[in-house]
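Please read it alongside the sequence and the model.

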Amino acid sequence: MRTQVGIVGAGPAGLMLSHLLHRHGISSVVLESRSREYVEHRLRAGVLEQGSVDLLRETGLGARLDREGMRHEGIELRFDGESHRVPMTELTGRAITVYGQQEVVKDMIAARLAAGGKIHFEAEVHRLSGLESAPVVHLRRDGRDEELHCDFVVGCDGFHGVSRAAVPDGVLRTYERTYPFAWLGILAAAAPAVHELIYAHHERGFALYSMRSPEISRLYLQVPADEDIADWPDERIWAELRTRLETVPGWTLNEGPILEKAITPLRSFVVEPMQWQRLYLAGDAVHIVPPTGAKGMNLALADVALLGAAFAAWYADGGTGLLDDYSRTALRRVWRAQQFSWWMTSMLHRLDADDPYEAKLQSATLRYVTTSPAYATSLAENYVGLPEV
Ligand code: FAD
Ligand code: DHB
């Protein structure tokens, strides 16, 4: 096989890049180890920044998003038995849209296939070679080894992918932080009891109330990092959610059958630079944020928006400026999101239970962010997404 840009991974980053390249008349092949069914139903992110919504709309992917996405103009912070709204749109003029990542992925796959795009599912990439001059992607499909020859390779294969490992030792520098807790997330057939997201800080740990539709709720609980989902029967999950969220007089959450549940570890991780020779890295393959700031999918889309423009310039007239600047430009947004996600995580989770000083600092921060318009604006502008970083 031969194409101009070989893309590893059909998550939001890889699919969006393929879509953007197509709009510039550049050919690509997307190789994805999982099945189409699997990637279209993998339950993950739910919050799109204004900039991500604008990008999807401007590139013709906004029709269902506009019909089914839920525009939110604020979030609620709940702590010490009180509820405080951060009026994001009032403070910034921008909003977020709640629309499941798997819906974004479905829309992108449908658009690519309708345009004759090449996405090979159940095609596992195991090695990259020739990255200095003539890249080759080595994959296994239908029990056979195959090669994809291309001008460039873009690794959009997530944290556990193979692309990052193709860079020789000593080139990349890793920055990371792990957290002693994870998120237990559920999807429930219950009408959301709220019309905006609730981020709750509680002495037993963090809880988040989100949604996917007027009939489906999405909720998360902070749990210890090594927790086993088998120890969380449905009734225990609802009891813990009630304890952490029903802290405001007269407010109750809606319960219903739990459709899915899973535990996700929290991690902060960045690899620099995001490029080596003819390999470019994007999305979770090069950076991970803890989910508290709702930034992961948005960063993945922002990375490939830069790459789409950079490849367009290169194929138009051989201009290398944008490709050369890719890593430096993308990392500015990446580190802004790293700091914001770390800050939200530190403010809202139960940290060291044996450190009462830490708990007092958290309360002071929460009180400040819910009383000072200046501090609230800082939260809001990061949450809805900064246009320029
Ligand atoms: P991925 O979506 O991970 O896609 C990578 C793809 O590469 C996968 O399909 C994988 O199967 C494929 N692949 C891997 N290895 C290979 C290989 N060897 N060969 C071929 N294919 C391969 N982000 C937000 O913005 N907002 C949120 O509200 C939010 N909430 C989240 C909640 C949870 C519980 C989780 C887990 C994540 C959340 N995120 C959120 C993060 C977001 O889901 C990710 O940042 C996003 O999926 C990154 O997209 P990506 O395309 O870079 O990687
Ligand atoms: C969702 C996930 C997040 O990480 C977040 O901060 C807000 C909402 C969600 O899945 O709906």
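Which residue in β7 does R71 stand opposite? The residue opposite R71 in β7 is T97.

The model is predicted, so local features need pLDDT of at least 70 and side-chain atom pairs count only at pLDDT 80 or more, while totals for chains, interfaces and linings use all residues. Residues are numbered from 1 along each chain as its sequence is written, chains are lettered from A and ligands numbered from 1 in the order in which they are written, and side-chain values use heavy atoms, with hydrogens and water left out.

**The sheet of 3 strands**

Strands (E, at least two residues) and helices (H or I, at least four) are DSSP runs, numbered from the N terminus. Two strands pair if DSSP finds at least two bridges between them. The open sheet of 3 strands runs in the order β3-β7-β4, with antiparallel pairing. Both β3 (47-48) and β4 (70-72) are edge strands with a single partner strand, so each has one side without a neighbour in the sheet. Between β4 and β7 (residues 96-98) there are 3 bridges in the antiparallel sense.

**The sheet of 8 strands**

An open sheet of 8 strands has mixed pairing and the order β6-β5-β14-β15-β16-β13-β17-β20. At its edges are β6 (82-86) and β20 (287-288), each pairing on one side only.

|---|---|---|
| β13 (173-188) and β17 (258-272) | 13 bridges | A188 and I258 |
| β13 and β16 | 8 bridges | G185 and Y220 |
| β15 (207-211) and β16 | 5 bridges | A207 and L221 |

β15 and β16 form a hairpin, with 5 residues between them. β16 (residues 217-224) is mostly covered, as 7 of its 8 residues are buried; buried means under 20% relative accessible area, exposed over 50% and partly exposed in between, with a 1.4 Å probe and protein chains only.

**The second largest pocket**

A pocket is an open set of points on a 1 Å grid over the protein atoms alone, where a 1.4 Å probe fits and protein lies on both sides within 12 Å along at least five of seven lines; lining residues have an atom within 4 Å of a point. The second largest pocket holds about 610 Å³ of space, the volume being that filled by probe spheres set on the points, which are joined across faces, edges and corners. It is lined by 27 residues, and those closest to its centre are A302, R333, L386, P387 and E388. Helices α3 (50-58), α8 (296-317) and α9 (321-348) each supply at least two lining residues. The largest share, 7 residues, comes from α8. By class, the lining has 11 nonpolar, 6 polar and 10 charged residues. Here Ala, Val, Leu, Ile, Met, Phe, Trp, Tyr, Cys and Pro count as nonpolar, Asp, Glu, Lys and Arg as charged, and the others, Gly among them, as polar.

**K106**

K106 lies in helix α6 (residues 101-114). At 24% relative accessibility, K106 counts as partly exposed. Apart from neighbours within four places in sequence, K106 is in contact (heavy atoms within 4.5 Å) with E40, H41 and R64. K106 and A239 are 133 residues apart in sequence, and their C-alpha atoms are 34 Å apart in space.

**The annotated span**

An unreviewed UniProt entry carries the annotation "domain: FAD-binding" for residues 2-341. UniProt positions are given in the numbering used here, feature names are shortened, and annotations may be inferred rather than shown by experiment. In the model, residues 2-341 are 31% helix and 31% strand, with end C-alpha atoms 39 Å apart.
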